[in-house]
Amino acid sequence: MDYFLTEEQLMIRDLAAQIAREKVIPVRAELDEKEEFPSEIMKVLADSDMFGLYIPEEYGGMGGGILENCIAIEQLSRACIAVSVTFAASGLGCYPILLYGTEEQKKKYLPRIASGKSLAAFGLTEPNAGSDAGGIQTTAVKDGDSYILNGTKQWITNGGEADIYTVIAMTDRSRGARGASAFILEKGMEGFKFGKKEKKMGIRASATRELIFEDCRIPARNLLSREGMGFIVAMKTLDKSRPGIAAQGVGLAQGAIDEAAVYAKTRIQFGKPIAAQQAIQHMLADMTTQTEAARSLLYATCKFMDSNPKNFSKEAAMVKLFATDTAMKVTTDAVQVMGGYGYMREYPVEKMMRDAKILQIYEGTNQIQRNVIGLELVKEYTGKTEAVPVG
Amino acid sequence: MKIVVCIKQVPDVADVRIDPETNTLIREGVPSIVNPFDMYAVEEAIRLKERFGGEVKLLTMGPPQAEAALRELLSLGADDAVLVSDRTFAGSDTLATSYTLAMAIRKIGDVDLVLCGKQAIDGDTAQVGPGIAENLHWGFAAYVRKIEEIGDGVMRLERLMDDGYDLLRIPLPAVITVVKEINEPRLPSLKGKMKAKKLEIPVWNAEEIGADPERLGLSGSPTKVSKIFTPEFRRKGEILQGEAEAQVDRLVSEIERLNIV
């Protein structure tokens, strides 16, 4: 479907698709097999100006918005979501600075992220604080003009590979979620270490590690916003980044459809291509319809969010939920269409189905997305006693 | 250093047909691409600019739509481009083409180095690069696989040969043609693409490059294509029959007769 993208957006789409085709597809199976970090591809993306799509021009970016970023993520995801998460996680790490950084912090860090010279990462999750981000145990204690951090972050995408980290830690545990604060850390700071690289079911080329803080002393000027704002920084960051995960879902689903459709046209059973069998056609029809619906919701949500509305938690949660559930279903069906071949590692849909699962889990499980949507919905209807259509 | 890269827009070889009447390529309806060997020439020029400073100018002779090829390559990091286009250029062979490009290079002025791909994938002649050098009376090297050093008006380079490579020193200004072993072409950047979209590309006609009309287009092209055909592939072989020993004797005597070992 034609979404009437601007000339610039089409340029981003075509270049991202070219990178996916020429630089990602030829190596994705090997990177997955070896669990190898896609450094070369990140360099290509950096040289192509992709890391700065959503960053204002005054900080070295391209001055686009969430839609521009999601267009690139979608195309990369058609080829490999381990690659696209590595790319997108830099944006996740960047948003706290972009949204809450002082001019000085922005000038210092954003150009490095926009140019792709430094990858960024976001550290929120802990062994005992996943969906319940209020349970964070990492502490940051003020000491003169420093903060001293202690604790462990878990499952951090780009952990160990990124140079710039935005991390949530408790400055006042007695205040619960309101006692959390956000900080900027750099790789190489004393007392800042990394745990082992995790072994995962999918997105195996991406790096997932623990961040370990042992009396890690950082300058007080690395505090983002004010003390106590950490939870809000985290929630607003996730609102901004959720469409990126949806874009991964849309791209991945499309990649799986591409594989399954080509296969169905060439696989002959009972004397004709299986694509001529209604059972297969109906599966492909559902896969395509669901993916197009997800894409439509994605682009509409991105455009809405780029118009700077006051609140978009519900919309961001809906698109993440819908597009990633779609990706799981579509990749599973792609394997089914391809039968035994689909289950084999020689064909890419096996990896696609393994990769898809994480989309329903990270950046808020899809159950948490439903919580967000439900809560917003209840708020919207508070005080309404009649179902009168307005606007 | 001022570098000019000569590039050519060619039909995508995946879908080429020949007009049986005129024996020329049918270009209508065939998608156009940048001659793949020229990508290496452009990449090398940009790398030379990164190493030694200077500017990279793209040059092509072709119909107005060849501008698309120039824009595609500008997005990789070339500074600007010139399209040399005139109806009188139609039907140019390699002699007329190299004369035309040489005249354009003269008009550009103060050029230190001209880079070309080793050949174009449509005609496969590999004659235009050396033809330009001949017209300009400049030094020339074909099949360059590495530029080692440039300094004091001299460049050191490696020329790929069937049995190894030659190490050459040639004075500047010079024309070289490059092989794909020389580098790995980069992908464009978004900033490059946006810049390329906006750049003005001047179009020079025959008069503006001060060319002699007699040496242009069909009148300047002595090449006559009498016939184009696909050579028939003939498989010649014989399967030996009989006792194994007799077969071996036959085989040995045939090998001796044909003098192939």
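Reply: First, a convention for the lining classes: Ala, Val, Leu, Ile, Met, Phe, Trp, Tyr, Cys and Pro are counted as nonpolar, Asp, Glu, Lys and Arg as charged, and the others, Gly among them, as polar. Note also that this is a predicted model.

Start with the second largest cavity. It holds about 50 Å³ of space. Its lining is made up of E104(A), Q105(A), K108(A), Y109(A), R221(A) and N222(A). Sorted by class, that lining has three charged residues, two polar and one nonpolar. Under the convention above, Glu, Lys and Arg go to the charged class and Tyr to the nonpolar one.

Now the wider set. There are four cavities of 30 Å³ or more in the structure. By class, the lining of the largest cavity splits into seven nonpolar, four polar and two charged residues. Two domains of chain A take part, domain 1 (7-119) and domain 3 (232-381), and each supplies at least three lining residues.

Next, the contact between the chains. The size of an interface is often given as the accessible area lost when the parts come together. Here chain A and chain B bury about 1200 Å² between them. Carbon and sulfur atoms account for 69% of that area. On the chain A side, M11(A), L15(A) and M62(A) lose the most area to chain B, together 41% of what that side buries. In terms of contacts, 18 residues of chain A meet 10 residues of chain B. The interface also has two salt bridges by the rule used. K23(A) forms a salt bridge with E184(B), with the closest N and O atoms 3.1 Å apart.

Last, the backbone. Most residues other than glycine have a negative phi, and most peptide bonds are trans. W155(A), which is not a glycine, has a positive phi of about 60 degrees. W155(A) sits in strand β3 (residues 146-157) of chain A. In chain B, the peptide bond from L172(B) to P173(B) is cis, with omega near 0 degrees. P173(B) belongs to the loop between β11 (164-171) and β12 (174-178) of chain B.

Conventions. Residues numbered from 1 in each chain as written. Chains lettered and ligands numbered in written order. Predicted model: local features only at pLDDT ≥ 70, side-chain atom pairs only at ≥ 80, totals over all residues. Heavy atoms only, no water. 1 Å grid on protein atoms, 1.4 Å probe; cavity = no way out; pocket = protein on both sides within 12 Å on 5 of 7 lines; lining within 4 Å. Points joined across faces, edges and corners; volume = space filled by probe spheres on them. Domains from an automatic or database assignment. Contact = heavy atoms within 4.5 Å. Buried area = accessible area lost by both parts, 1.4 Å probe. Salt bridge = Lys/Arg side-chain N within 4 Å of Asp/Glu carboxyl O. Helix = DSSP H or I, 4+ residues; strand = E, 2+ residues; numbered from the N terminus.
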